[in-house]
Amino acid sequence: MYYNEKSFLYFDGEFVEASKASTDLYGQSLHYGYAVFEGIKSYKTANGAKIFKSEEHYDRLRRSAELMMIPFDYSTQDMIDITYKLLEMNSLSNAYIRPLVICSPNMSLSKGQKSSLVIEVWNWDNGYMSNKMKVMTSSFERPNPKAFRIEAKVSGHYVNSILACQEAKDKGFDEALLLDSNGFVAESSGANVFFEKDSKLYTPKTGNILPGITRNTIFDLANQLGICFEERDFTAKEMKGVDAAFFCGTAAEIVALESLDNVPFKLEWENSVSALIQKAYRHLVVEEDFTYLKKQPQYV
Ligand code: PMP
């Protein structure tokens, strides 16, 4: 599904056949989840394959490594260049890009001594996720910022995501909404969350979430379209039954929620300002103009 005998990946200075690549079984990353990574997408545009927000993602990867004290000296531009080359070698334009920084063999609980950069790419041509997610409030909290560097994208954090997402699926939901250690809404297992009330958007402030690149892009789009938004704490109770809500992230893009704990959101998605943001985002990633959306009557 992710690779075949014709796929290449990048590993420590070389482009190698994915089916022949291997790693050390004594690495700190495998044993302790001590690795940092990114989730990036490229899109087919009129000007060829374009990696969306490439600088932001690779800057965050470098920052994640720094916060984890993992030695890592690739520049953002070098990683962008390598990724374009890799996309070309794999004949991909609509693709998911997964850079991963792993640490060398070391069983001690001390900082990384040497790291390796892996970049994997695979096809992401299968359209959008369903716009009708049924979500439950998770019994699992997001990692506490006093226990983890939550603004870093660290492999080990995703054990929490797996527990929450699987719990939701086992209970017949599509996804989990996790709270922070103060009981406020934080994010989903792999995306940020927004809700809409009276044509205004609300999203949790930073501090207990991964500050998403898509979340920032939504702020830019909202500013350009004249849609109001606010970053603040709120509870799951406050979010239930409001006009609309969505998850956002590089992989999910913007996906509408149908209900939270079986309480539906009020508006038809198409009549929400959130749907305008979703349309604008879909234009932006393929470098199309979206300013015509400003003229929509819903919010003027
Ligand atoms: N929160 C979590 C926990 C995530 O895994 C992701 C996906 N990286 C996001 C939020 C959204 O981040 P981004 O928009 O940068 O993809």
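**View A. Salt bridge between Glu-287 and Lys-50 in the predicted model.** The closest N and O atoms of Glu-287 and Lys-50 lie 3.8 Å apart. A salt bridge is a side-chain nitrogen of Lys or Arg within 4 Å of a carboxyl oxygen of Asp or Glu. Across the interface of domain 1 and domain 2, this rule finds 2 salt bridges. The model is predicted: local features need pLDDT of at least 70, side-chain atom pairs count only at pLDDT 80 or more, and totals for chains, interfaces and linings use all residues. Residues are numbered from 1 along each chain as its sequence is written, and side-chain values use heavy atoms, with hydrogens and water left out.

View B. Domain 1 spans 8-123 and domain 2 spans 133-299, with bounds from an automatic or database domain assignment. Their centres, taken over C-alpha atoms, are 26 Å apart. Domain 1 brings 23 residues to the contact and domain 2 brings 22, where contact means heavy atoms within 4.5 Å.

**View C. Buried area between domain 1 and domain 2.** About 1,900 Å² is buried between domain 1 and domain 2, and carbon and sulfur atoms give 62% of this area. Buried area is the accessible area (1.4 Å probe) that two parts lose on being put together, summed over both. Of the area that domain 1 buries against domain 2, 30% comes from Phe-37, Phe-52 and Arg-60, more than from any other three residues.
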